Amino acid sequence: MKALIIDGYVDEPACFGVPPYISPYIRYIAGAMRDRGLHAQHIFYLPIDKIRSNPKQHEKIIREADFIVIVAGMTVPGKYLRAIPINLQELQNISCIANGKVVLGGPIRLGFSLEGGKKASSISQLPNVHCCRADVEAFVYDMLKDGKLEDPINIGDRFRSVGEIARWGKKGAFIIRQHPDYPNIMCEIETYRGCGRKRHCSFCTEPFYGKPDHRPIEDIVLEVQELYKEGARYFRIGRQPDLLSYQAIDKGGELPVPNPSAIESLYRGIRSVAPQLKVLHMDNINPATISAFPNESEEILYIIKKYHTCGDVAAMGMESADPEVIKRNGLKVFPDEMFRAIELVNKVGAKRGITGMPELLPGINFVHGLMGETKETFRINYDFLLKVLNSGLLLRRINIRQVIAFQGTPIYGKDEATYKHKKEFLHYKEKVRKEIDLPMLRKVVPVGTILRNVLLEVNEGSITFGRQMGSYPLLIGIPANLEIGRYMDVTVIDHGFRSVTAIPYPLDVNNAQLRLLQRLPGIGKTMSNRIFRERPYKDMNELIDKTSIETDILKYIKI
Ligand code: SF4
């Protein structure tokens, strides 16, 4: 039997699977197949971008597969540098070509949407495709009984257990080798899912996963060990709504009490089985946990800083600074609490680390279109961000999106503010980009900052775009046509709203194009022309003698 896993990509509030990320779904499905006796050589993986790049070649693979599992679903869609999530037309095409059984799963079970500000549409109308209503990995496991492929209509929907993903996570690690980006892939790691709050935010789909089901530390460490053996070097502990609450203890309050020793054991365990890992980052934390348990939270953040790699981001959902919106939608924190959470993450992590980025910075998420939103909400949110900027605190990323109303969430059918304030939303977003993001980015990575290990990913005209591997990596444009897929150090020379321009570091003075020489920090046109004219130089002394170059510039160049 030949099985094919098609990755249509996922983007959820607490799980990411868009290249270079590979989501746990893919690995668990591959593991569930192996757990039922399928040989790894008969399990194939194809991301949707690869299918698009050569439809004819991949049509054959789709036709020949006995079993196709498609993973998809963007509950918080974004814009991606070099990946486009699967669309409904493509789903239909695959279902028409396929001769084998086709199962569709992942967050798409909640509805389909490729952009914010719209209602999620149902996906139940696809011909020849069975849509899983619970966990696709459990469905796949149940379909593959006794070496045969059951008809999906005979299989019930269910959630997988923590014990099952302990097996599947390990057994499915091999699949990462089939990712086109391998070995430059980020493995999204799950610690738990489901929300530990007693009251849930009006827009959030995480409560659909039920009560938090924390994985034992040992299971996670063993999964990382298997991934590491397969060549994985980049990890993000991203599949949970609040890392501070991993293995937290429920004492009956609104939030469970954080458990620093569990986080210490988790991170120490990961480091011991993956000693040469290159990235260990995190994703969400809940600012309400910081507010309720500041001491425990601070202890955990210091533990993370001790074991992680630099350039980490703690994304926090504020959603709105408007007290009326906060109350009406059951949001987590009021602005003063959020401000203190930002202060704490800055206290722990704002110092610059060896990659050139600060060690650990907060990210902040806003959602618009929530109940009670008025035109005034935009001013209140802007003022909050301005206060953060003017206070000298750093934010790595400000994410502003419009709500997608999913059936079953309290906002469903009550998201009229999204449509009412479209114009105001766009104006406000632009204002934040210009007046908050840009000056913030100048502080986070000033001109002259050297960023290490930038992976070159895309050529666009005469610009090459790259990013450091990690959680919410900064987009870097290099004004040169460079070879894709290799790593390079760069010097920051300019800022966009949400990206920077940089030149290779150190710049090879004898060989660099004039237009790159001209962009060395602090150089000026006359000096760069002079350096260009007098080339070549046998060493730095000759360069200094011939050009009288300022010593400040020498740190960015090589001979
Ligand atoms: S705190 Fe709110 S946003 Fe976070 S997981 Fe729970 S419901 Fe979702």
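Reader: What should I know about the source?

Author: This is a predicted model, where local features need pLDDT of at least 70, side-chain atom pairs count only at pLDDT 80 or more, and totals for chains, interfaces and linings use all residues. Residues are numbered from 1 along each chain as its sequence is written, and side-chain values use heavy atoms, with hydrogens and water left out.

Reader: Which residues are around the ligand?

Author: A residue counts as near a molecule if one of its heavy atoms lies within 4 Å of it. Here the residues are Cys195, Arg197, His200, Cys201, Cys204, Glu206, Pro241, Asn286 and Lys332.

Reader: How many disulfides does a search of the whole structure find?

Author: A disulfide is a covalent bond between the sulfur atoms of two cysteines; the criterion is a pair of cysteine sulfur atoms within 2.5 Å. The search finds zero. For Cys15, the closest cysteine sulfur is in Cys187, 12 Å away and therefore too far for a bond.

Reader: Is Cys15 buried or exposed?

Author: Buried means under 20% relative accessible area, exposed over 50%, and partly exposed in between (1.4 Å probe, protein chains only). Cys15 is buried, at 2% relative accessibility, and Cys187 is buried at 0%.

Reader: What order do the strands of the open sheet have?

Author: Strands are DSSP runs (E, at least two residues), numbered from the N terminus, and two strands pair if DSSP finds at least two bridges between them. The order is β13-β14-β15, with parallel pairing. The edge strands, β13 (312-319) and β15 (397-402), each pair on one side only. Seven bridges join β13 to β14 (residues 360-368), and Ala315 stands opposite Gly363 in β14.

Terms used
Helices (H or I, at least four residues) and strands (E, at least two) are DSSP runs, numbered from the N terminus.
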